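Dear colleague,

I am passing on the structure we spoke about, and below it you will find my notes.

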Amino acid sequence: MDARQFKETFLPHHRLMYGVALRMLGDESEAEDALQDVFTSLWERRASLASVENLRAYCVAMTRNRCLAMLSDPSRCPGFLPQMSEQGDDARDERRLEQRDRLELVERVLDTLPGRYGEIVRRHCFEGEPLEDVARDLDLSGGNIRVILSRARKAVREYFIKRNEYDR
């Protein structure tokens, strides 16, 4: 399969795949990243895809699986706080103060979230507890935990966006 055939075969499913990714991840840039990964994987597997009977379902399943992998990746959670960079002592101290202030704001936002959202974010993102353990302890499914994490991240992100717009 050459590039032209690949585009003709898979690009018609792009809109559906993007919709799935956007609904699952709740963020346009993450949805685009997921699709890029899926299309890369499809390209790499193009020789073996001739045996797939329902390409539409296959594309949606690949997109869903990639999104689930992204949602369960613990490296997504530290995005609440930027990582420290190698800077001088004064700049590093200032950066630490900014991070501490930002963490306090995140904690306040988490306290306003409904139900156990804040607890789940704290346990998984801040304490590093695996999703499976959090789900088992709270008697929830892994899918529910992922959805709650996604909604909580979205709420925190929206809070900071509104705050930044207000500060301007």
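Which are the buried residues of α3? They are E30, A31, A34, L35, V38, F39, S41 and L42, where buried means under 20% relative accessible area, exposed means over 50%, and partly exposed lies in between, with a 1.4 Å probe and protein chains only. These buried residues pack against α1, α2 and α4 (55–72), and a contact here means heavy atoms within 4.5 Å.

Before going further, please note that this is a predicted model, in which local features need pLDDT of at least 70 and side-chain atom pairs count only at pLDDT 80 or more, while totals for chains, interfaces and linings use all residues. Residues are numbered from 1 along each chain as its sequence is written, and side-chain values use heavy atoms, with hydrogens and water left out.

As to the overall fold, the protein chain has 8 helices and 0 strands, which gives the pattern α-α-α-α-α-α-α-α when read along the sequence; helices (H or I, at least four residues) and strands (E, at least two) are DSSP runs, numbered from the N terminus. Of the 168 residues in the protein chain, 32% are buried. Among contacts with a separation of 6 or more, 56% come from residues 24 or more positions apart. The chain exposes about 10,800 Å², of which carbon and sulfur atoms supply 48%; these accessible areas come from the Shrake-Rupley method with a 1.4 Å probe, and for residues only the protein chains shown count as cover.

The nonpolar cores come next, a core being a set of buried Ala, Val, Leu, Ile, Met, Phe, Trp, Tyr and Cys residues joined through side-chain atoms within 4.5 Å. The largest has 19 residues, and those with the most contacts inside it are L110, I120, V121, I145, L149 and V156. Helices α5 (89–112), α6 (117–126), α7 (131–138) and α8 (142–167) each supply at least two residues of this core, and the largest share, 6 residues, comes from α8. A second, separate core of 10 residues includes F10, M17, L35 and M62.

The aromatic side chains give 2 pairs, counted where rings of Phe, Tyr and Trp (its six-membered ring) have centres within 6.5 Å, with planes under 30 degrees apart taken as stacked, over 60 as edge-to-face and the rest as tilted. F6 and F10 form a tilted pair, at 4.8 Å centre to centre and 45° between the planes; because they are 4 residues apart in helix α1 (residues 3–10), about one helical turn separates them. Both F6 and F10 are buried. The rings of F6 and W43 have their centres 5.1 Å apart and their planes at 90°, so this pair is edge-to-face. Since F6 lies in helix α1 and W43 in helix α3 (residues 28–44), the pair ties together parts that are 37 residues apart in sequence. F6 counts as buried because its relative accessibility is 10%, whereas W43, at 33%, counts as partly exposed. F6, F10 and W43 form one aromatic cluster. R46 lies over the face of W43, at 3.7 Å from the ring centre, the rule being that NZ of Lys or CZ of Arg is within 6 Å of the ring centre and within 35 degrees of the ring normal.

A few single residues remain. D139, in the loop between α7 and α8, has a positive phi near 55° although it is a residue other than glycine, and D139 is exposed, with a relative accessible area of 70%. S150 is found in helix α8 and counts as buried at 13% relative accessibility; leaving aside its neighbours within four places in sequence, S150 is in contact with M24, L25 and L71. P12, in the loop between α1 and α2, counts as exposed at 57% relative accessibility.

With best regards
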